[in-house]
Amino acid sequence: MAPLIFSGNSNKPLATSIAQDLNSTLSSAEIIRFADSECRVRIMEEVEGKDVFVIQSLSNPVDEHLMELLLMGDAIKRGEPRKMTAVIPYHGYARQDRIHRPGECLSAQLVAKMIETAGFDKLVTVELHNESIIGFFKIPVVHVSGLSIFQPHVKQIKGDVVVITPDAGALKRSQRFAEGLDLPLALIEKKRDLDQPHKIVHMRVVGDVKDKTAIIVDDVIVTGGTLVNASYLLKEKGAKQVIAVTTHADFVGGVDKILKDSPIDQIWVTDTIEIPEDKKFSKLSIYQIAPLIAESIKKLTKGYNA
Ligand code: R5P
């Protein structure tokens, strides 16, 4: 039985490519906003007994996109599908994966509960900030590695290459990336000011980067602060070139210029988040995530029909 693919508004081009890779088209839904910004969703297809996938990245504006996903889930569930899967190419709120200071909320856990409450039976997501948030879900989670897309391109680089982990939190991800390519790893020690979002107060390189191509591996670019500060340090320590390899590009205003003017030589990202034309620049290469997600959907559908 062919699955139905619905999309929220966050990344329609990606959802369309995923549907195409599945030899399908997007199913029809109406998402409107009232004058006070409240969202209303209506599903325009018969979903009863069908396998349904809802594609929505929780990118900026995160709350709008989250709400659309939840309302779509509720609308579809009322039509009694056989299985309903949320496909979240970029999972927002994942950085709030623990309580950093007394009095904070555990947002990643609450968002997991909201997705389950909306009625989703399963989640497919890509390159979580921290894989341990899978433990916040009672439903099964399929976690796709976005970074695997970049590995063949790193293999083409001539000369010495070193993988850089931009902070301690990213260590496991960068380690896996370096091991997969049999490359050495260096670490950047990063300290943030927790009272000021995105503010970095200290950075230090641990490891040898001299005359090497330094590949900084991260999950997401938001303000570009992590990558740009790291690139200055790496060039100071003698790195020959710096390539930033990041699955998600959740660019805020002005980040394109900051990255363009930085010492970073190339920036590789995927299209889990739609990047508007006016935020693209020559150093930026965007790789397609649709084939990997379509593959996961095919496997799940096969399992449901076995
Ligand atoms: C932080 O822990 C994340 O892994 C990213 O390094 C961070 O969110 C990137 O944000 P920005 O581009 O604002 O430095």
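Tutor: We begin with a definition: two strands are said to pair if DSSP finds at least two bridges between them. Please keep in mind throughout that this model is predicted.

Student: With that definition, what is the order of the strands in the open sheet of 7 strands?

Tutor: In general, the strands of a sheet pair through backbone hydrogen bonds, either parallel or antiparallel. Here the order is β10-β9-β8-β11-β12-β13-β14, and the pairing is mixed. At the edges are β10 (200–206) and β14 (284–287), each of which pairs on one side only. From one strand to the next, the twist averages 20°.

Student: How many bridges join β11 to β12?

Tutor: Strand β11 (residues 213–221) and strand β12 (residues 241–249) run parallel and are joined by 8 bridges.

Student: Which helix lies across β8, β9, β10, β11 and β12?

Tutor: That is helix α6, residues 225–236. Its direction is about 45° to β10.

Student: What is the strand order in the open sheet of 5 strands?

Tutor: The order in that sheet is β1-β4-β5-β6-β7, with parallel pairing. β1 (4–7) and β7 (141–144) are the edge strands; each has a single partner strand, so one side of each is left without a neighbour in the sheet. The twist in this sheet averages 20° from one strand to the next. Between β1 and β4, which run parallel, there are 4 bridges, and F6 stands opposite V54 in β4.

Student: Do β2 and β3 run parallel or antiparallel?

Tutor: They run antiparallel, with 5 bridges joining β2 to strand β3 (residues 39–43). I31 stands opposite V41 in β3. The two strands form a hairpin with 5 residues between them.

Student: How should I describe a pair of helices?

Tutor: Two packed helices are described by the angle between their axes and the distance between the axes. Helix α2 (residues 62–77) and helix α3 (residues 107–117) pack at an angle of about 30°, with axes 8 Å apart. That angle makes α2 roughly parallel to α3, because angles under 35 degrees count as roughly parallel.

Student: Which residues make the contact of α2 with α3?

Tutor: From α2 they are L66, L69 and L70, and from α3 they are V111, M114 and I115. By class, the residues of this contact comprise 6 nonpolar, no polar and no charged.

Student: Which backbone angles deserve attention?

Tutor: Most residues other than glycine have a negative phi, and most peptide bonds are trans. In this model, N23 has a positive phi, near 55°; N23 is placed in the loop between α1 (12–21) and β2 (29–33). S37, in the turn of the hairpin of β2 and β3, also has a positive phi, of about 85°.

Student: Which residues does a cis peptide bond join?

Tutor: The cis bond joins N60 and P61, and its omega is about 0°. P61 lies in the loop between β4 (51–55) and α2.

Student: Finally, how many residues surround the ligand?

Tutor: The ligand is surrounded by 15 residues, of which the closest are D218, D219, T223, G224 and T226. An N or O atom in the side chain of D219 is 2.6 Å from an oxygen atom of the ligand. For T223, a polar side-chain atom lies 2.6 Å from a ligand oxygen atom. In G224 the atom concerned is a backbone N or O, which lies 2.8 Å from an oxygen atom of the ligand.

How values were computed:
Residues numbered from 1 in each chain as written. Predicted model: local features only at pLDDT ≥ 70, side-chain atom pairs only at ≥ 80, totals over all residues. Heavy atoms only, no water. Axes fitted to C-alpha atoms, helices over the stretch in contact; angles between N-to-C directions. Contact = heavy atoms within 4.5 Å. Parallel < 35°, antiparallel > 145°, perpendicular 65-115°, else oblique. Nonpolar A, V, L, I, M, F, W, Y, C, P; charged D, E, K, R; others polar. Near = heavy atom within 4 Å. Polar contact = N/O pair within 3.5 Å; in protein donor to acceptor, adjacent residues only side chain to side chain.
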